[in-house]
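Subject: Handover of a structure and notes on its contents

Dear colleague,

Please find below the structure that I am passing on to you, together with its sequence. My notes on it follow directly after.

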Amino acid sequence: MWPKDVGIKAMEVYFPAQYVEQTELEKFDGVSAGKYTVGLGQSRMGFCNDREDINSLCLTVVHRLLDRYSIKPEDVGRLEVGTETILDKSKSVKSCLMQLFEPSGNTDLEGIDTTNACYGGTAALFNAISWIESSAWDGRLAIVVAADNAVYASGTARPTGGAGAIAMLVGPDAPLIFDRGLRASCMRHAYDFYKPDLRSEYPVVDGKLSIQCYLSSLDTCYQRYCEKVRAKQADHNVTLSDFDAVLFHSPYCKLVQKSFARLTLVDFLNSSKSKSFENHVDLQKYSNVTLEDTYFDRDVEKAFMILSKDDFEKKTKPSLYIANQVGNMYTPSVYSGLMSLLIDKPIEALAGNKVGIFSYGSGLASSMYSLTITKNVSEDSPLMRLVSNLSYVKSQLETRQQVNPEDYTKILELREKNCHTIPFEPQSSIDNMFPGTYYLVKIDEMYRRTYRRIPNLK
């Protein structure tokens, strides 16, 4: 028999304790007011100074998850990291996290790192679910870590950066239950965004191609998801009305709004089956368009953004809170959307919700799947515990330190200069770091990294 209600039992998020205001960055970059805030839909962007790297981000979020939920390290049987932030071409980030488990004697811990741009966290999550539903499962829990430091060279892409980490505890009897057999993927070869220069943290980006790949993958995943539902539930034609919430990977928040409108367009083109658009006679001029011809069609985009605005406000906008405040965290991005949804609505309004999720990673890999939130909202329920334990998110976002664009730029220049410098000792202060944060102490002449932890508050 399959383990019952396999899914996400707990979540923890970590973002750096400093940010830059997008309004200030607009002035500093000399662009028109609103280009980043309205055009991209971003308010603030978190970033790492030279005290933090992918290892420290993951150490912090996993240790905080273990502490907050009183998880015994020996009760974890799988630990996998999804990231595209690579420090070493051989040694995994997961191997660094073993420092948190070895003291308990637990070295029987499956999983390593999974990498494909922003999709790695989803691949790691799928692997954890599959492990628990397999003959290899030994009854223990899994932890999935999605983390990245997203930085760009100076220019138009820089405001779409961010940094952070999310850890998820996966197991049976979960409050966020994965819908079995309802998963659709689209995998292709594309040079839309990639990191060929191993000496640099910065990617190579083809902006227009990247948007086209994202939207094309979204179209394909959604239609394949709908087909799989029809195969299971004869004659049921899926539309956005089937979901209480729809979450997307968020390179920037405005693209998410356009993506929701995109799915409305797909529903419209299938309207001969759903009949849900029969009263919108003004849209009939678009009834014969092909999806491939509309990636950059402003008229189509505008029409369906207007049409879908109310549903977007209800089903997707609540999921963009962290993305708006932190920026694109890459692999954690879509899961910050799930977390944002959980802290936005009253728990009674979440009970029983069907949540559609689209995950995308350039290069490219993408999937759409769904989960169902449990109906049990009693005071001692797993859902109540999960939501209650996320109460820190908003207060920590508000207590971050604002850094002006000049200093932000200097910090990135310092990171760029010392990207592969050895030996190296960071210069940034640790005074404003959140309690429980791991930080880099030094890199020795053999590239070995040493970390310490800010004392955690009891």
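Helices (H or I, at least four residues) and strands (E, at least two) are DSSP runs, numbered from the N terminus. This is a predicted model, in which local features need pLDDT of at least 70 and side-chain atom pairs count only at pLDDT 80 or more, while totals for chains, interfaces and linings use all residues. Residues are numbered from 1 along each chain as its sequence is written, and side-chain values use heavy atoms, with hydrogens and water left out.

Annotated positions

An unreviewed UniProt entry places the feature "binding site" at Ser 210, Lys 254 and Lys 258; UniProt positions are given in the numbering used here, feature names are shortened, and annotations may be inferred rather than shown by experiment. Of these residues, Ser 210 and Lys 258 belong to the lining of the largest pocket. For the pockets, a 1 Å grid is laid over the protein atoms alone: a pocket is an open set of points where a 1.4 Å probe fits, with protein on both sides within 12 Å along at least five of seven lines, and lining residues have an atom within 4 Å of a point.

Ser 210 is part of helix α5 (residues 207–232). Ser 210 counts as buried because its relative accessible area is 18% (buried means under 20%, exposed over 50%, partly exposed in between, with a 1.4 Å probe and protein chains only). Beyond its neighbours within four places in sequence, Ser 210 is in contact (heavy atoms within 4.5 Å) with Asp 192, Tyr 360 and Ser 362.

Lys 254 sits in helix α6 (residues 253–269). Its relative accessibility is 21%, so Lys 254 is classed as partly exposed. With neighbours within four places in sequence set aside, the contacts of Lys 254 are Val 38, Gly 39, Leu 40, Gly 41 and Met 305.

The largest pocket holds about 1,100 Å³ of space, where a volume is the space filled by probe spheres set on grid points joined across faces, edges and corners. It is lined by 44 residues, and those closest to its centre are Leu 40, Thr 160, Gly 207, Ile 211 and Tyr 252. Two or more lining residues come from each of α1 (22–29), α5, α6, α8 (298–315) and α14 (405–417). By class, this lining has 25 nonpolar, 12 polar and seven charged residues (Ala, Val, Leu, Ile, Met, Phe, Trp, Tyr, Cys and Pro count as nonpolar, Asp, Glu, Lys and Arg as charged, and the others, Gly among them, as polar).

The second largest pocket has a volume of about 780 Å³. Among its 34 lining residues, Thr 85, Ile 86, Leu 87, Ser 200 and Glu 201 lie nearest its centre. The elements giving two or more residues to this lining are β9 (193–194), α14 and β15 (438–443). The lining of the second largest pocket has 14 nonpolar, nine polar and 11 charged residues.

Two further residues

Tyr 392 is found in helix α13 (residues 392–398) and is buried, because its relative accessibility is 8%. Not counting residues up to four places away in sequence, Tyr 392 touches Glu 12, Val 13, Arg 64 and Arg 68.

Ala 190 is in the loop between β8 (176–187) and β9, and its 14% relative accessibility is why Ala 190 counts as buried. Apart from neighbours within four places in sequence, Ala 190 is in contact with Cys 213, Gly 363 and Leu 364.

With kind regards
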